Amino acid sequence: MVSVTFDGKPLQLCGGLSVAAALLEAGIGHFRETPVTGSPRAPFCMMGVCFDCLLIIDGIANQQACMTQVRKGMIIERQSGSADAIAQGDRS
Amino acid sequence: MTEHYDIVIIGAGPAGMAAAQTAARHKAKILILDEQAAPGGQIYRASETNAKLDRPELGESYQSGLPLVHAFRESDVSYVPNANVWQLSEDREVGYSKDGIARMVIGKQVIVASGAQERPFPVPGWTLPGVMTVGAAQILLKESEIGIENAVFCGSGPLLYLVVHQYLMAGIPVKAVIDLQPGGNYFKALLKLPGALASLSKIIQGWGWKRDIVRAGVPLINGVSDLRISEYNAANGVEYYRAGRWHRLDSEHVLLHQGVVPNINISRAAGCDCQWNAVQCCWNVVVDDWFESSLSGIAVAGDGAFIGGGVAAEYSGCIAALGALAKIRRIDNRERDRLAHPIRAAYTKEMRLRPFIDALFKPAKHFRIPKEDDVVVCRCEEISVAQLREVIDIGCPGPNQLKSFSRCGMGPCQGRFCGLTVSELIADITGKTIEEVGYYRLRSPIKPLRLGELANLNFPSGD
Amino acid sequence: MAPSANSDVVVIGGGLHGCSTALHLALRGISVTLLEKDYVGRHASGVNAGGVRRLGRHIAEIPLSIASAKIWHSIIDLVDDDCGFTPSAQISVAENDFQIEQLQQRVNQLQKLGFDHEKLIDQETLRELLPEVSGHCAGGMIVEGDGHANPFRTVQAFRRKCQQLGVRILESSKVENISRKANTWQISLQGQRLESPVVVNCAGAWGGKIAAMLGESIPVEARAPMLMITARMPSFLSPVVGAQGRTLSFKQFANGTVLVGGGHEGSALPESNKTRLDYAGLATNARTAVEIFPIMREAQVVRCWAGIEGIMPDVIPVIGSGQAEGVFHAFGFSAHGFQLGPIGGRIISELVIDGSSSLPIEAFRADRFAK
């Protein structure tokens, strides 16, 4: 098992899986809310075609969870509507 | 750092692997890019890891891909997994990103082996959490040994029955199978049967799967003309219309499949001509005998051009590679023809079953062209049938005007899960042929890339 | 071949200028037939950046731009649709003191000519208005009350209003030949011929071809400025931004997507309606955007495209009467014609009906390149 953070809380995920597979296995039922109506979405195709499994991973938004491998210490957040892309304090 | 190659191959499924292997044998300088972490495409996904485990439930046809994967690994090619290919230009410039760095490479020849994807399945509720494609379930099974318990499988096509069968062999409980294959298909398919008799064993295998499913006590429901998935925030059941009324099955997991279609985004964005396949109800890339597209030097092999299955994909990859090798004069035309001859024979034999399968599994019009107002057509931008009708009425008679007006097709999936529906819906409403209606005008990047990556794009050194 | 039902004016080109011209003529009771070789809004008009700006205009364009801006602010009265018009400031960012100096000179020059819409802003004000702008940016120039609109929606709104007023719009109708017979122009399309005493050439990048059919040589070149749109980002920008020293046009829409453009060019293939992207140019554009707005580094580019624009050698349009009788031109807006759409149509309608324009258009003479 691999330790990650999901929406701010610690979570144990199966190693060696995609983030999408691991979260589904861990019982996470929805991954994001859509930008237009805020509807809940979860993975649909698992092969990188549908773009429904988008999460914020290590601060970078719009990551396809089915195309990303679980890694120890990963910070995973549900993506709510428009993505959070403001870099931390870099104005130089 | 050289970024010029003899042949650049996009995709490491059976077509891509076979092309790479063939080309490498003739000492060409090959680059093969694939977006997954390991070779095999979808059909042979996770072949290598599963070879180390004992997974008989995945079946023989899956195991038969392993030698190809091994041979590919032994080939003298530059293989880049986890590569996000975002552009292919007419001049064979291939743009891709890996680990946050974007690069441009140039091939004297390019072979696109982009494979297939699931056909859209626009029914009410298809966007709910808990609803996935049957292909997704199979990926979870192959790669992660995860089974989705007590799911309702809905749709039609060989893959549907293959996966249910794999589930049964793996001991994963299946709630029910709702078969949406139109009854009329059987008659039309029978007309194609004589040609298919050479592949009788495959037909028998398919019937065998169905029989096993029924014997295992899994409800197999036919004669269904309509389907809805409920409910508000996540799937909790399937309603199906049969024998004059609606019936309901409770389940938090619904798996949909009504065939696969070529993943044509990169070919279209590059500018390859496509044509409508009226039996498979999808777009095919126009290719010649060597799988070269309408763009000189760009071949499209395997399911990425037109659906033929994994074995046919391998043969077409070999043929495309031979064609490419001859064009860059690694081999002469005589040698090319000589080497291709037995492969063509095998390819033709493999394709003989296709007309039968295509006729048998042609998806029902009702599930390709939704009528209910609230069905979501564009998943990314959440555009419904009602909204599209409104925009078409205002005077947007084509997919591109529709896109400009309503954002339909402008989301990150670039029309992969709405394009077919939109084109067919417009044709249905306006009475035009689908060829007249056309398809979204696709451009690169065919998959998103970060602005920061683009800003630091490494270009090939001048030549 | 008998000619089809005739109208007082034939407008060639169904972009924004063609539709605006047809609309303004129809508003004054003139019968118009509009000919479009593809579909209305297919080219530059439908796919541009949508900037509605007076900022940074060529001096000769300023009076037209100011008049057009007034129409934009109540566009719904003209075409029964707000066209997605969003008022906002337009700001040109200066990255160093030399560029500040250039902007100062520009503001001075405009003030001498009696225009005060462009104002200089200092670094502090720039940062207040653009909180995410890079620290190295030294100041800028601003126009309040500019904005942006949805280009395709705008053209369609003009088109619908035209049709309501009885304008006959023929799409997929490419003009093959134009000839003079007695006092009329004979316009040949595939399968039909139209007759009209007045022809208005609003054919954009194809304006030179139509001009040649009308017996004139006007040097317009088809070029393909590129644009990129990103995935949605949290709202961080309300003004539209350009850069004084580099090619950049940058705006964020209400839905959070960010449009990056400015004029790096791909290649245009007007014969086949195709454009090709040039990734070296896109990379430079991306670099500019990221250097001026560092938060854009993580923005995902979802799509790139390029429309076909008609560019004049002096980068200002052709507006005015043609050499022959009954000929008028309004094309070659050189990738900045969108904001001028509403006024362009009014000017042509004045030329056609009244014989003169209420705004100064001498600088845009069609014959300024004739030897």
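**A walk through chain B, from core to contact**

Start in the largest nonpolar core of this predicted model. Of its 291 residues, select Ile10(B), Ala19(B), Ile30(B), Ile111(B) and Ala301(B), which touch the most other members.

Next, centre on Ile111(B). Leaving out residues up to four places away in sequence, its contacts are Ile7(B), Ile9(B), Ala19(B), Ala299(B), Ala301(B), Ala320(B), Ala321(B) and Ala324(B).

While you're looking at cores, jump to Leu353(B), Phe356(B), Ile357(B) and Leu360(B). They are among the 7 residues of a second, separate core.

Time for a sheet. Colour the strands of chain B in the order β8-β15-β9-β10-β11 and you have an open sheet of 5 strands, paired in parallel. Check the edges: β8 and β11 (220-221) of chain B each have a single partner strand, so one side of each has no neighbour in the sheet. Zoom in on β10(B), residues 174-179, which runs parallel to β11(B) and is joined to that strand by 2 bridges. Pick Val177(B) here, and opposite it in β11(B) you'll find Leu220(B).

Last stop: bring chain A into view. The contact between the chains takes 30 residues from chain B and 26 residues from chain A. On the chain B side, select β7 (116-118), β8 (131-133) and α5 (134-144), each of which supplies at least two residues. The largest share, 6 residues, comes from α5(B). Colour this side of chain B by class and you get 14 nonpolar, 9 polar and 7 charged residues.

How values were computed:
Residues numbered from 1 in each chain as written. Chains lettered and ligands numbered in written order. Predicted model: local features only at pLDDT ≥ 70, side-chain atom pairs only at ≥ 80, totals over all residues. Contact = placed C-beta atoms within 7 Å. Helix = DSSP H or I, 4+ residues; strand = E, 2+ residues; numbered from the N terminus. Nonpolar A, V, L, I, M, F, W, Y, C, P; charged D, E, K, R; others polar. Core = buried A, V, L, I, M, F, W, Y, C linked by C-beta atoms within 7 Å. Buried ≥ 20, exposed ≤ 12 C-beta atoms within 10 Å, placed from the backbone. Pairing = 2+ DSSP bridges.
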